[in-house]
Amino acid sequence: LDVQSPIADGTLGPRGFRVTSPNLAEQGGVQVGDLIVGVNGQPVNGFSDVYRVYSQMQRDPNLSVIQLDLVRQGRHLTKTYRIR
């Protein structure tokens, strides 16, 4: 499933979200080819996972940090971002 958003464009597949254009996410260090496999400790393996994570973030007004688990060139990385 191809996804386009102001944050990042990419392809959502059974192993995560493959970034094809980081758009705004580039400012946070996300690169073309990164595979986002988790958000806040929850897996991203398809559209239902993305929707669940998005819904939980919308319901939590106290959420101040987002943690991305990604794979870059075969290496697992975790990036943490503070929300304003």
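Arginine 18 stands opposite leucine 35 in strand S4. Strands here are DSSP runs (E, at least two residues), and helices are DSSP runs too (H or I, at least four residues), both numbered from the N terminus. The model is predicted, so local features need pLDDT of at least 70 and side-chain atom pairs count only at pLDDT 80 or more, while totals for chains, interfaces and linings use all residues. Residues are numbered from 1 along each chain as its sequence is written, and side-chain values use heavy atoms, with hydrogens and water left out.

S3 and S4 run antiparallel and are joined by two bridges; two strands pair if DSSP finds at least two bridges between them. S3 (residues 16-21) is also antiparallel to S2 (residues 9-13), with five bridges between these strands. A hairpin of two residues leads from S2 to S3. Leucine 12 stands opposite phenylalanine 17 in S3.

A pocket is an open set of points on a 1 Å grid over the protein atoms alone, where a 1.4 Å probe fits, with protein on both sides within 12 Å along at least five of seven lines; lining residues have an atom within 4 Å of a point. The largest pocket holds about 1100 Å³ of space, a volume being the space filled by probe spheres set on the points. Its lining has 29 residues, and Ile7, Val39, Met57, Ile66 and Leu68 are the closest to its centre. The elements giving two or more residues to this lining are S4 (35-39), helix H1 (47-59), S6 (65-72) and S7 (75-82). H1 gives the most, seven residues.
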